[in-house]
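Subject: A structure for you to explore

Hello,

Here is the structure I promised to pass on to you. Please open it beside this email and follow along as you read.

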Amino acid sequence: VTARTPLADRSPDELRSFLEARRADYDELVGRGLSLDLTRGKPSAEQLDLSERLLTLPEGHRDRAGADVRNYGGLEGMPELREMFAELLGVDADQIVAGGNASLTMMHDVLVFHLLHGGVDSPRPWKDEEKVTFVCPVPGYDRHYTMLEHYGIDMVTVPMLEDGPDVDAVEALVRDDPSVKGMWIVPTYANPAGSVVTQEVAARLAAMPTAAPDFRIFWDNAYALHHLTEDEAKSADVLSLGSAAGHPHRPVVFASTSKITLAGAGVAFLAGSRETVRWYLGHLKYASIGPDKVNHLRHVQFFGSPDGVREHMGRHREILAPKFAAVDAALTAELDGLGVAEWTRPRGGYFVSLDVPDGCAGRVVGLAKEAGIALTPAGASFPYGTDPRDRNIRLAPSFPVLEEVETAMAGVATCVALAAAEQLVG
Ligand code: PLP
């Protein structure tokens, strides 16, 4: 055997010696007393520093139209900021709202408004339906699932493929069951799979027949502009596709600058049909007299133009790309050819999705924890926190400095090799 012979092709003796060697590696790893964290997709301090100038803005306190941004009003958000992000997200400026600091809050409000009041084309509020079900591509974003669970909404899963959710499976689920009211999609550089929804898949999702007359696609474009390579994915224009297919209210688009400027003090956006925007503001007005326009103005001044945003994202890429390269390098060095792991090499976004042999993900996360390396809990990328195959691990390399990513990932690779060998030796 060579160091690259697949474990499945090795004899029992060879496997036992492989296991012994990995145990020795692991003991050495534990002995180093590391304390590293790859759990959450947060920007690093170095990335936050890119937006330091925001803290000196705005200069003055008037918007383009002369309104004093320090005062109440303008529920739909500052027009110049809406125009800037309308261009970046490929929507019309009168179809986008600039809101508070969290797109997750907007998703939550849209969901709750549907439950309490129904959407623009709902026969009745969703709370009055016998059952409400959402289609959830997996692996996906844990907060999408916990939000649905909190409101008692059922979840059915479909696989997330390289070109988006398994659209055959989605079509089959929505066609005959009127309780299926919606689905989540992270269309660009998905969390955690890194997939990009193609124009073809988006067109099918926008046009598919659904038993529910008020089916919603929660199009969470959190990573629309977050490229890691020069091969920049262009998000499908789901609003136009929906309109063209006769379902203009089906998609609701969300985005934010949480991972562009400051993750606690950015600006979030919602876009949809003009009726959807009116519907959203018509409910929001009971909760707010207007957003933080001081923050809107400083973002306008900080970026200057849509190109200013793109240039700023280039600087994030310079910091992030080496960390993603380090993840791939560490996994390749230890695991390439062994047939025990597959991982994504994303072209954008914040995550690497690692698949280990079925039944091993929990063990890998446990081994890493013992060695002082915190990983996202196994199963976190699935509804109810349960990965039926116990094989998926979400890696988030953005927050630690590069050297820590290298050290942590070498350790993770050791844990994967050990867990796989343990399973094979039995
Ligand atoms: N959507 C996805 C897919 C995310 O990964 C995240 C953060 O990790 C969010 C939304 C949160 O966005 P915001 O900060 O705008 O609430």
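Two strands count as a pair if DSSP finds at least two bridges between them. Helices (H or I, at least four residues) and strands (E, at least two) are DSSP runs, numbered from the N terminus. Before we use these terms, two notes on the model. It is a predicted one, where local features need pLDDT of at least 70 and side-chain atom pairs count only at pLDDT 80 or more, while totals for chains, interfaces and linings use all residues. Residues are numbered from 1 along each chain as its sequence is written.

Strands of a sheet pair through backbone hydrogen bonds, either parallel or antiparallel. Here, β10 and β11 are joined by two bridges and run antiparallel, with Trp 343 facing Leu 354 of β11 as its bridge partner. Leu 354 also has a bridge partner in β13, namely Ile 393. β11 (residues 352-355) and β13 are antiparallel too, and four bridges link them. Together they give an open, antiparallel sheet of three strands in the order β10-β11-β13. β10 (342-343) and β13 are at the edges with a single partner strand each, so one side of each has no neighbour in the sheet.

Which way do the residues of β13 point? Asn 392 and Arg 394 point one way, Ile 393 and Leu 395 the other, and all are buried. Buried means that 20 or more other C-beta atoms (placed from the backbone) lie within 10 Å of a residue's own; 12 or fewer make it exposed, and anything in between partly exposed.

Now look at the loop between β12 (373-375) and β13 (392-395), where you will find Tyr 384. Asp 390 is in the loop between β12 and β13 as well. Most residues other than glycine have a negative phi, and most peptide bonds are trans. Tyr 384, however, has a positive phi of about 60°, and phi of Asp 390 is also positive, near 45°. Are these residues buried or exposed? Tyr 384 counts as exposed because it has 10 C-beta neighbours inside 10 Å, whereas Asp 390 is buried, with 20 other C-beta atoms within 10 Å.

There are cis peptide bonds to find, too. One joins Leu 57 and Pro 58, with omega about 0°, and Pro 58 lies in the loop between α2 (45-49) and α3 (79-89). Another runs from Val 138 to Pro 139, with omega near 0°; Pro 139 sits in the loop between β3 (133-138) and α5 (142-150).

Next comes a sheet of eight strands, open and mixed in its pairing, with the order β2-β9-β8-β7-β6-β3-β4-β5. Its edge strands, β2 (96-98) and β5 (164-165), each pair on one side only. β2 runs antiparallel to β9 (residues 268-271), with three bridges between them, and Val 97 is opposite Leu 270 in β9.

Finally, the ligand. Which residues surround it? Among them are Gly 41, Tyr 141, Asn 191, Asp 220 and Ala 268; a residue is near a molecule if its C-beta atom, placed from the backbone, lies within 6 Å of it. The shell has six nonpolar residues, five polar and one charged. In this scheme Ala, Val, Leu, Ile, Met, Phe, Trp, Tyr, Cys and Pro are nonpolar, Asp, Glu, Lys and Arg are charged, and the others, including Gly, are polar.

Enjoy exploring!
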